[in-house]
Amino acid sequence: MKKTDFKKLNKVQQELLEKAFEAMKNSYNPYSNFYVGAAILSDDERMVGGANVENAAYGTTVCAECSALVRARAEGIKKIIKVAVIGRNSKQLVSDPVSPCGACRQMIFEFSQVSDFDIEVIMSNTKMDKIIIAKISELLPLGFGPKSFDKI
Ligand code: THU
């Protein structure tokens, strides 16, 4: 796990975070007023964004990371190597990086085993002055995945 800021990221990481920032603008969040954007990088250098999409039946809400992961898979992406996440509240007051919830970590873990790659997760606040970079294996140690099922 590493603490950093936008200037210290490499070009690909910067682009991915900017893609997540753009995706965040499409957040549908009338219940929480919390904006989250995510972006996926595939092994063949495609980038796919996603935003949180809430629902009046709260439990049906889709997080930004899941939105991006499902979209990536639906667009034919088979291997994922990086995920960027960024978020803010309605007053833009979140100073700490947004990190994936437990369900999103599980989703990312699934695709890390499918991709046979320990996916890098880039977590940022909207100022991009506080960024944490971690591998999914650090965010979800001893995770349960398709390999536990003997599926891959
Ligand atoms: N949310 C995400 O999109 N990703 C996370 O990892 C944490 C939470 C969203 C869900 C909901 O729309 C809002 O943030 C508040 O929980």
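Because the model is predicted, local features need pLDDT of at least 70 and side-chain atom pairs count only at pLDDT 80 or more, whereas totals for chains, interfaces and linings use all residues. Residues are numbered from 1 along each chain as its sequence is written, and side-chain values use heavy atoms, with hydrogens and water left out.

Asn125 is found in strand β5, where helices (H or I, at least four residues) and strands (E, at least two) are DSSP runs numbered from the N terminus. Asn125 counts as buried because its relative accessible area is 2%, the classes being buried under 20%, exposed over 50% and partly exposed in between, with a 1.4 Å probe and protein chains only. Accessible areas come from the Shrake-Rupley method with a 1.4 Å probe, and for residues only the protein chains shown count as cover. Beyond residues up to four places away in sequence, Asn125 touches Ile86, Gly87, Val94, Ser95, Asp96, Pro97 and Lys130, contact meaning heavy atoms within 4.5 Å. Asn125 and Phe21 are 104 residues apart in sequence, and their C-alpha atoms are 9.8 Å apart in space.

Met128 is not a glycine, yet it has a positive phi of about 60°. Most residues other than glycine have a negative phi. Met128 is buried, because its relative accessibility is 12%. Leu142, in the segment after α4 (136-139), likewise has a positive phi, near 55°, in a residue other than glycine, but Leu142 is exposed, with a relative accessible area of 90%.

The ligand brings other parts of the chain into view. Of the 13 residues around the ligand, Asn52, Glu54, Ala64, Glu65 and Cys101 come nearest, a residue being near a molecule if one of its heavy atoms lies within 4 Å of it. An oxygen atom of the ligand is 2.5 Å from an N or O atom in the side chain of Glu54, an oxygen atom of the ligand is 2.9 Å from a polar backbone atom of Ala64, and an oxygen atom of the ligand is 2.7 Å from an N or O atom in the side chain of Glu65. The ligand on its own has 370 Å² of accessible area, and the protein covers 79% of this.

Glu65 is also the residue at which UniProt, in an unreviewed entry, places the feature "active site"; UniProt positions are given in the numbering used here, feature names are shortened, and annotations may be inferred rather than shown by experiment. Glu65 lies in helix α2 and counts as buried because its relative accessibility is 3%. Leaving aside neighbours within four places in sequence, Glu65 is in contact with Val36, Ala38, Val85, Pro100, Cys101 and Cys104. Ser67 lies in helix α2 as well, is buried at 18% relative accessible area, and, with neighbours within four places in sequence set aside, is in contact with Gly50, Ala51 and Val62.

The UniProt annotation "binding site", from an unreviewed entry, covers Asn52, Val53, Glu54, Asn55, Ala56, Ala57 and Tyr58. Asn55 lies in the loop between β3 (47-51) and α2 (64-74), and Ala57 lies in the loop between β3 and α2 too. What relative accessible area does Asn55 have? Its value is 30%, so Asn55 is partly exposed; Ala57, at 42% relative accessibility, counts as partly exposed also. A polar atom of the Asn55 side chain lies 2.9 Å from the backbone nitrogen of Ala57, and Asn55 touches Tyr31, Thr60 and Thr61, not counting residues up to four places away in sequence.

To place these residues in the chain, UniProt (unreviewed entry) sets the feature "domain: CMP/dCMP-type deaminase" at residues 11-147. Over residues 11-147 the chain is 31% helix and 24% strand, and the end C-alpha atoms are 33 Å apart.

How values were computed. A polar contact is a pair of N or O atoms within 3.5 Å; within protein, one must be able to donate a hydrogen and the other to accept it, and residues adjacent in sequence count only if both atoms are side-chain atoms.
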